[in-house]
Amino acid sequence: MDMDRPIILPEPVYRSLIRYCSEQSPREACGLLLGSEAQGALHMERFVPVPNIAERPKHHFIMDPAALIPFLYPSPGEPAPAGIVHSHPRAAAVPSPEDLATPWSDIPSHWIVSLADPCTPVVRAYRYEAGGRKYTELTWRLLRGGSGQAGDAESSVQ
Ligand SMILES: [Zn+2]
């Protein structure tokens, strides 16, 4: 899998994850981004909120496994889990040591939404190395427009 392919986040998907994280604050929110490969880019198609079942949800997140199961084995042609999102209600959008120890390091992108300044959420994406110490920031692009479908102004990714 090409780890350096561009990541495209349509604006409606971006807005839905910001909205959900804001609603859950001061608890950490979490969820999945479902995406598909097309034309050499990874297109995020949908944000799926997942309940945070951590005992101290203001400080940790644990995704509810029961809520994940329906999305883990998509049929051919359906979008697959391509990103894990969680929020930092008060901290910067930088992975914590605990974040890096995730059992989901295989997922190609890990997104952190910082609500440290609630008026200006910061969204950053990372790739985590297996073993839980290193990460690389990923670049992603907001695809402006309502539908996120091809034909929008910025969809001419090669
Ligand atoms: Zn975190």
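Predicted model: local features only at pLDDT ≥ 70, side-chain atom pairs only at ≥ 80, totals over all residues.

## The strand pairing of S6 and S7

Ala 125 has Leu 138, in strand S7, as its bridge partner. Strands S6 and S7 pair in the antiparallel sense, over 4 bridges. Strands of a sheet pair through backbone hydrogen bonds, either parallel or antiparallel.

## The sheet as a whole

The open sheet has 8 strands in the order S7-S6-S5-S4-S2-S3-S1-S8, and its pairing is mixed. At its edges are strand S7 (135-138) and strand S8, each of which pairs on one side only. From one strand to the next, the twist averages 35°.

Helix H2 (residues 65-72) lies across S2, S3 and S4 and runs at about 150° to S3.

Helix H1 covers residues 11-24. The buried residues of H1 are Val 13, Tyr 14, Leu 17, Tyr 20, Cys 21 and Gln 24. Seen down the axis of the helix, these buried residues fall within an arc of 135°, and therefore they line one face of H1. An α-helix has 3.6 residues a turn, so residues three or four places apart point the same way.

The face of H1 turned away from the buried side carries the exposed residues Arg 15 and Glu 23. The buried residues of the helix pack against strands S1 (7-10), S2 (30-38), S3 (41-50), S4 (80-88), S5 (110-114) and S8 (140-143).

In soluble globular proteins, nonpolar side chains tend to be buried together. Here the largest nonpolar core has 32 residues, and those with the most contacts inside it are Ile 7, Leu 9, Leu 17 and Val 85. Two or more residues of this core come from each of S1, H1, S2, S3, S4, S5, S6 (122-128) and S8. Apart from its neighbours within four places in sequence, Val 85 is in contact with Leu 17, Cys 30, Gly 31, Leu 33, Phe 47, Trp 111 and Val 113.

## Leu 34 in strand S2

Leu 34 belongs to strand S2. Is this residue buried or exposed? Leu 34 counts as buried because it has 20 C-beta neighbours inside 10 Å.

The C-alpha atoms of Leu 34 and Ala 80 are separated by 5.0 Å, although these residues are 46 residues apart along the chain. Beyond its neighbours within four places in sequence, Leu 34 has contacts that include Glu 45, Val 48, Phe 71 and Ala 80.

How values were computed: Residues numbered from 1 in each chain as written. Buried ≥ 20, exposed ≤ 12 C-beta atoms within 10 Å, placed from the backbone. Arc of directions from axis to C-beta. Contact = placed C-beta atoms within 7 Å. Core = buried A, V, L, I, M, F, W, Y, C linked by C-beta atoms within 7 Å. Pairing = 2+ DSSP bridges. Axes fitted to C-alpha atoms, helices over the stretch in contact; angles between N-to-C directions.
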